[in-house]
Amino acid sequence: MAELGLNEHHQNEVINYMRFARSKRGLRLKTVDSCFQDLKESRLVEETFTVDEVSEVLNGLQAVVHSEVESELINTAYTNVLLLRQLFSQAEKWYLKLQTDISELENRELLEQVAEFEKAEFTSSNKKSIIDSMKPKLAPLHEGGAAELLNKEIVRLQEENEKLKSRLKTIESQATDALDEKSKLERALQDLQLEHGSQKDFIKAQDLSDLENTVAALKSEFQKTLNDQTENQKSLEENLATAKHDLLRVQEQLSMAEKELEKKFQQTAAFRNMKEILTKKNDQIKDLRKRLAKYEPED
């Protein structure tokens with residue numbers, strides 16, 4: 001099967017967009033076909049037509065088809081802008097600046113590759129289904145050094161955050177079950193007290209004590225679990241904030257290093273020599289202008 005050089009998730013996103021584009025294209029083609037069909041049914045009812053009548057019919061058909069095609073092209077352009085907006089918005093959250101190469105949009109070889117990919121994907125009888133997933137977060141492109149390490153750490157912390165959230169859901173479920181069990185025990189105790197109100201002296205004190213101890217233990221375990229989860233969540237948020245601050249600091253250091261490099265270049269002998277030559281040339285030009293001004297005729 002033809003490939004686009006993307007990972008499985010991004011390739012599935014491309015397939016989703018191609019499916020959307022194919023659907024819109026099919027609807028618009030049906031609209032154009034209906035324009036011709038309407039013309040046949042409404043205008044082509046006579047056996048003979050004059051040149052003027054044929055010209056009028058074709059002009060009307062041209063106007064309708066032109067309007068439909070123009071509308072679809074405009075809608076396609078706006079749809080692509082919305083798609084780019086989604087990608088750029090995700091990139092800005094990661095402090096990225098994405099770039100596009102418009103010339104690649106007319107690369108015949110790449111266009112043929114996309115056509116082969118579409119044909120292979122939508123005509124194969126054994127194509128796999130697309131699994132809906134959460135919105136992707138773009139990974140930094142062409143980064144290295146400390147920035148890359150910080151981004152990896154952020155990703156790791158986010159994965160750990162997801163695991164903690166999953167664990168929190170499990171603990172909350174267990175806590176809910178414990179509370180339900182507690183409620184059932186309390187209701188059972190109340191029912192027992194109501195049913196045997198006249199026989200309270202016969203209830204064993206040890207059984208009541210065990211029941212109270214069980215309820216107390218459930219409360220203690222639930223509170224401890226909530227406290228541990230709160231501490232873990234707070235620590236994770238602090239780690240994420242620290243990682244983001246480190247990333248911004250590294251970016252600032254890179255910017256300062258670029259400025260320092262430019263300053264050092266201006267202090268090199270080659271730069272000073274070039275500046276001196278330009279100064280001499282400017283002086284020569286000024287001198288020549290003054291000399292030419294002497295020979296210019298007065299009005």
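Visitor: Which residues in H2 are buried?
Guide: In this predicted model, the buried residues of H2 are Val-57, Leu-61, Val-65, Glu-72, Thr-79, Gln-90 and Ala-91. They are called buried because the word is kept for a relative accessible area under 20%, and the partner against which these buried residues pack is H1.

Visitor: Why is H1 called roughly antiparallel to H2?
Guide: Helix H1, residues 8-42, and helix H2, residues 51-93, pack at an angle of about 170°, with their axes 10 Å apart. Angles over 145 degrees count as roughly antiparallel, and therefore H1 is roughly antiparallel to H2. Among the residues that make the contact are Tyr-17, Phe-20 and Leu-39 of H1, together with Val-57, Leu-61 and Leu-83 of H2. By class, this contact of H1 with H2 has eleven nonpolar, five polar and four charged residues.

Visitor: What makes H1 and H3 roughly perpendicular to each other?
Guide: H1 and helix H3, which covers residues 108-123, pack at an angle of about 85°, and their axes are 11 Å apart. Since angles of 65 to 115 degrees count as roughly perpendicular, H1 and H3 are therefore described in that way. Their contact includes Val-14, Ile-15 and Arg-22 of H1 and Phe-117, Glu-121 and Phe-122 of H3, and by class it has six nonpolar, one polar and five charged residues.

Visitor: How many residues does H2 have, and what span is expected?
Guide: H2 has 43 residues and reaches 63 Å from its first C-alpha to its last, close to the 63 Å expected at 1.5 Å a residue.

Note on methods:
Residues are numbered from 1 along each chain as its sequence is written. This is a predicted model: local features need pLDDT of at least 70, side-chain atom pairs count only at pLDDT 80 or more; totals for chains, interfaces and linings use all residues. Side-chain values use heavy atoms; hydrogens and water are left out. Axes are lines fitted to C-alpha atoms, for helices over the stretch in contact, and angles run from 0 to 180 degrees between N-to-C directions. Helices (H or I, at least four residues) and strands (E, at least two) are DSSP runs, numbered from the N terminus. Angles under 35 degrees count as roughly parallel, over 145 as roughly antiparallel, 65 to 115 as roughly perpendicular and the rest as oblique. Contact means heavy atoms within 4.5 Å. Ala, Val, Leu, Ile, Met, Phe, Trp, Tyr, Cys and Pro count as nonpolar, Asp, Glu, Lys and Arg as charged, and the others, Gly among them, as polar. The expected span of a helix is 1.5 Å times one less than its number of residues. Buried means under 20% relative accessible area, exposed over 50%, partly exposed in between (1.4 Å probe, protein chains only).
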